[in-house]
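Subject: Structure handover

Hello,

Here is the structure I promised you. Please open it first, then read my notes below with the model on screen.

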Amino acid sequence: MPKAAVLPALNEPMELLDLDLEAPKAGEVKVKMAASGVCHSDLSVQNGTILLPTPCVLGHEGAGVITEVGEGVTNVAPGDHVVLSFVPQCGTCFFCAREQGQLCEAANIALVSGGLLDGTPRFSRDGSPIFQMSACGTFSEETVVPAIGVVKIDPDMPLKQAALIGCGVLTGVGAALNTARIREGDTVAVVGCGGVGLNVIQGAKLAGAEQIIAVDMVEGKLELAQKFGATDTVNAGEGDAVSGVMSLTQQRGADLAFEVIGLKATIDQTINMTRRGGQAILVGVPNMEVMIELPAFLGLVVAEKSIKGCWYGSSNVGTDIPKLVSLYQDGKLMLDELISREIDNGQVNEAFDAMQKGEVARSVIVYD
Ligand code: PAD
Ligand code: ZN
């Protein structure tokens with residue numbers, strides 16, 4: 001009976017409960033969780049920005065060890081160390097066949113239903129289903145997920161650091177390396193330097209950006225951003241973020257600007273601080289009502305700006321997760337520095353508070 005942090009209903013605090021967990025069905029695996037990061041998207045389920053059915057086990061950024069496999073599973077075996085993917089990637093659908101696994105058709109139902117690929121969760125309590133976020137539910141000691149939702153990694157990789165790759169690192173670094181087209185010497189602005197934004201910064205550095213401008217309202221985040229590779233900072237709490245970036249770029253704007261918060265105001269700012277001919281990459285998840293409005297001719301046509309969405313860092317999890325593990329092992333990717341606090345899964349409410357106050361890059365649940 002795993003203990004899990006369960007969101008009982010919208011806007012309610014999470015409760016630590018003993019749950020029943022079914023054995024994996026065909027094509028599914030059971031994972032003993034080792035660690036799980038707490039991401040802003042988890043908080044966004046609690047406050048309704050991301051809509052999922054409740055009660056629900058949140059958590060979608062995790063790593064652990066396979067303990068059981070269902071019929072027909074060949075990609076992993078008990079004892080394997082894995083990172084969970086919050087977008088299961090089938091490898092054969094229209095999108096996977098076009099190297100856009102982040103848009104996998106098989107994953108769609110899992111992302112919205114609170115269940116696995118068949119739309120049903122494997123957790124329950126007193127006979128009633130308990131849903132699981134993004135076919136994961138990493139705020140539980142154990143979970144059952146689709147086999148195509150786990151990627152085997154080198155067993156020497158520490159699982160606490162590996163957990164972070166599952167969302168924040170894959171999304172942030174992938175936004176810079178896969179979604180965007182950063183060229184050597186480019187100027188990049190990153191609006192929002194939380195767990196995901198810091199990874200956009202280190203991804204931009206890896207891609208060869210020369211000037212990296214970090215924008216945030218919390219001074220501590222701007223200091224951390226400099227450790228991850230930011231060359232300049234703009235405190236959006238002390239002045240207009242767009243003017244700040246303009247004055248650092250000869251009034252042209254950044255070659256590429258990334259929005260990593262999910263607010264209308266900062267999305268508008270990000271588009272406005274992108275130079276003519278540049279790319280604005282939208283990573284933050286806004287609530288469903290947010291609309292983008294801009295003058296079509298002056299804002300887009302004659303300015304030749306591109307606005308691009310970014311889902312899961314445009315990642316192919318099967319190749320990108322092992323690649324990020326190797327980068328960490330070679331000392332080229334900062335993961336230790338993302339772990340601000342280690343907690344247990346009874347402390348997720350406190351972790352949400354700390355995130356909202358801007359106190360942490362990531363709180364990480366570490367299981368025994
Ligand atoms: P976080 O809360 O750790 O970081 C957000 C940062 O933004 C913090 O450092 C804040 O101080 C800063 N901030 C807030 N408001 C402002 C403002 N007005 N101006 C400047 N800075 C501000 O969140 P996170 O990094 O975990 O997640 C960021 C977003 O990315 C969030 O919307 C999440 O849902 C989304 C996300 N998207 C994907 C994807 O695939 N597109 C994946 C994972 C997360
Ligand atoms: Zn996330």
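**What surrounds ligand 1**

Ligand 1 is surrounded by 26 residues, and the closest are His-40, Ser-41, Asp-216, Ile-261 and Tyr-312. A residue is near a molecule if one of its heavy atoms lies within 4 Å of it.

Before going on, some ground rules. This is a predicted model, in which local features need pLDDT of at least 70 and side-chain atom pairs count only at pLDDT 80 or more, while totals for chains, interfaces and linings use all residues. Residues are numbered from 1 along each chain as its sequence is written, chains are lettered from A and ligands numbered from 1 in the order in which they are written, and side-chain values use heavy atoms, with hydrogens and water left out.

Back to ligand 1. Its shell divides into 15 nonpolar, 8 polar and 3 charged residues. Here Ala, Val, Leu, Ile, Met, Phe, Trp, Tyr, Cys and Pro count as nonpolar; Asp, Glu, Lys and Arg count as charged; the others, Gly among them, count as polar.

Which atoms lie 2.8 Å from ligand 1? A polar side-chain atom of Ser-41 lies 2.8 Å from an oxygen atom of the ligand. A backbone N or O atom of Val-283 lies 2.8 Å from a nitrogen atom of ligand 1. For Cys-310, a backbone N or O atom lies 2.9 Å from a nitrogen atom of ligand 1. Taken alone, ligand 1 exposes 870 Å², and the protein buries 91% of that. These areas come from the Shrake-Rupley method with a 1.4 Å probe; for residues, only the protein chains shown count as cover.

Domain 1 (3–168 + 314–366) and domain 2 (181–309) both give residues to the shell, so ligand 1 lies between them. The domain bounds come from an automatic or database domain assignment.

**The zinc ion**

Ligand 2 is a zinc ion, coordinated by Cys-39 (SG), His-60 (NE2) and Cys-167 (SG) at 2.0 to 2.3 Å. Donors are N, O and S atoms within 2.8 Å of the metal (3.2 Å for Na, K and Ca); water is not among the atoms, so sites may look incomplete. Along the chain, the donors follow the spacing C-x20-H-x106-C. Cys-39 sits in the loop between strand S4 (28–38) and helix H1 (40–46), and His-60 in the loop between strand S5 (56–57) and strand S6 (62–69), 21 residues apart. Helices (H or I, at least four residues) and strands (E, at least two) are DSSP runs, numbered from the N terminus.

Are these two buried or exposed? Cys-39 counts as buried at 3% relative accessibility. His-60 counts as buried at 2%. Buried means under 20% relative accessible area, exposed over 50%, and partly exposed in between (1.4 Å probe, protein chains only).

Most residues other than glycine have a negative phi, and most peptide bonds are trans. A cis peptide bond joins Thr-54 and Pro-55, with omega about -5°. Pro-55 lies in the loop between H1 and S5.

Tyr-312 has a positive phi, near 55°. Tyr-312 is in the loop between strand S17 (306–309) and helix H10 (317–329). Its relative accessible area is 1%, so Tyr-312 is buried.

Ser-134 also has a positive phi, near 50°. The loop between strand S9 (128–132) and strand S10 (142–146) holds Ser-134. At 7% relative accessibility, Ser-134 counts as buried.

Best wishes

Methods. A polar contact is a pair of N or O atoms within 3.5 Å; within protein, one must be able to donate a hydrogen and the other to accept it, and residues adjacent in sequence count only if both atoms are side-chain atoms.
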